[in-house]
Amino acid sequence: MAFLLFAVVAAVTPGPSNVMLTAAGAQAGVLRGLPAVFGVAISMGLMMFLVPLGIGSLVLKHPPLLKDLRWAGVAVLLWLAWRITTSSGRINSTAGMNPVGFVGAAVFQWVNPKSWLISASAAGTFLNAGAGSPVVHAAMLGGLFLLAAWPSGFVWLAFGAAVQRTLHNRRRLRVFNVAMAALLVASIGLIVR
């Protein structure tokens, strides 16, 4: 129960993924933004499974790999910011196009500093040597985080879609998109510190 509460709080608090989901909701609406929510939730569940099994310590023990991950995160954030900024924000103007999509959102979790911090914190706090099989324990953490991340991500997606309905002219939508992109760029400070 304590881990589930941790997972809900970690998943629903603001961060680069939730800014991305808000922008996806504003650009594509709830239904066409759902693949991004699934990408975030499934990838975070997978990360929450793999980090406790040791992939996190492998990355942390190799400074060049960690540095490459950081710069990859910067590149992805800048790319997402550019996509958000250049989007018109109108559902009918991007027919057939998802602003981020499942794969983009899933891959982003692996270069998102908040995702790594959450996974590493959870592994350090909630892993218990006496809990039985490490694989079963890691699978339980991953599954619970998946359950927490999906509704939390949906809240941000729905917020973005609701914001879109209140922004009735192209200028307001443009300002919103630029603001969302600026928040993503500002989060680069979390990576390069």
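The dialogue below covers this predicted model.

Q: Let us begin with the fold. How many helices and strands are there in the protein chain?

A: The protein chain has eight helices and zero strands. From the N terminus, the elements read α-α-α-α-α-α-α-α. The model is predicted, so local features need a pLDDT of at least 70.

Q: What share of the residues counts as buried?

A: Of the 193 residues in the protein chain, 45% are buried. The cut-off for buried is under 20% relative accessible area. As for the surface, the chain exposes about 9500 Å². Carbon and sulfur atoms supply 75% of that area.

Q: What share of the contacts with a separation of 6 or more joins residues 24 or more positions apart?

A: In the protein chain, that share is 88%.

Q: Is Trp 79 buried or partly exposed?

A: Trp 79 is partly exposed, because its relative accessible area is 39%. This residue belongs to helix α3, residues 63-86. Trp 79 and Ala 181 are 102 residues apart in sequence and 9.6 Å apart, C-alpha to C-alpha.

Q: Now a residue in its surroundings. With which residues is Ser 152 in contact, leaving aside its neighbours within four places in sequence?

A: Ser 152 is in contact with Val 8, Ala 11 and Val 12. Ser 152 lies in helix α6, residues 134-166. Its relative accessible area is 5%, so Ser 152 is buried.

Q: How do I read the faces of a helix? Which residues of helix α4 are buried?

A: Start with the general idea. An α-helix has 3.6 residues a turn, so residues three or four places apart point the same way. Now the case. In helix α4, residues 101-109, the buried residues are Gly 101, Ala 105, Ala 106, Phe 108 and Gln 109. Viewed down the axis of α4, these buried residues fall within an arc of 165°, so they line one face of the helix.

Q: On to the rings. How many aromatic pairs are there?

A: In general, a pair of aromatic rings is described by the distance of the centres and the angle of the planes. Here the count is five aromatic pairs. One of them joins Phe 3 and Phe 6: the centres are 5.9 Å apart and the planes stand at 35°, so the pair is tilted.

Q: Where do Phe 3 and Phe 6 lie?

A: Both are in helix α1, residues 2-12. They are three residues apart, about one turn of the helix. Phe 3 is buried, because its relative accessible area is 6%. Phe 6 has 24% relative accessibility, so Phe 6 counts as partly exposed. Compare the pair of Trp 156 and Phe 159, which is edge-to-face, at 6.5 Å between centres and 85° between planes.

Q: Why are Trp 156 and Phe 159 separated by about one helical turn?

A: Because they are three residues apart in helix α6. Phe 159 is at 45% relative accessibility, so Phe 159 counts as partly exposed.

Q: Which residues do ring pairs link into a cluster?

A: The cluster holds Phe 38, Trp 150 and Phe 154.

Q: Which residues lie nearest the centre of the largest cavity?

A: They are Ala 11, Ser 17, Val 40, Met 44 and Gln 109, out of 17 lining residues. Helices α1, α2 (16-61), α5 (113-126) and α6 each supply at least two residues of the lining. Helix α2 gives the most, with five residues.

Conventions
Residues numbered from 1 in each chain as written. Predicted model: local features only at pLDDT ≥ 70, side-chain atom pairs only at ≥ 80, totals over all residues. Heavy atoms only, no water. Helix = DSSP H or I, 4+ residues; strand = E, 2+ residues; numbered from the N terminus. Buried < 20%, exposed > 50% of the residue type's maximum accessible area, 1.4 Å probe, protein only. Contact = heavy atoms within 4.5 Å. Arc of directions from axis to C-beta. Areas by Shrake-Rupley, 256 points an atom, 1.4 Å probe, with all protein chains shown as cover. Phe/Tyr/Trp six-rings, centres within 6.5 Å; stacked < 30°, edge-to-face > 60°. 1 Å grid on protein atoms, 1.4 Å probe; cavity = no way out; pocket = protein on both sides within 12 Å on 5 of 7 lines; lining within 4 Å.
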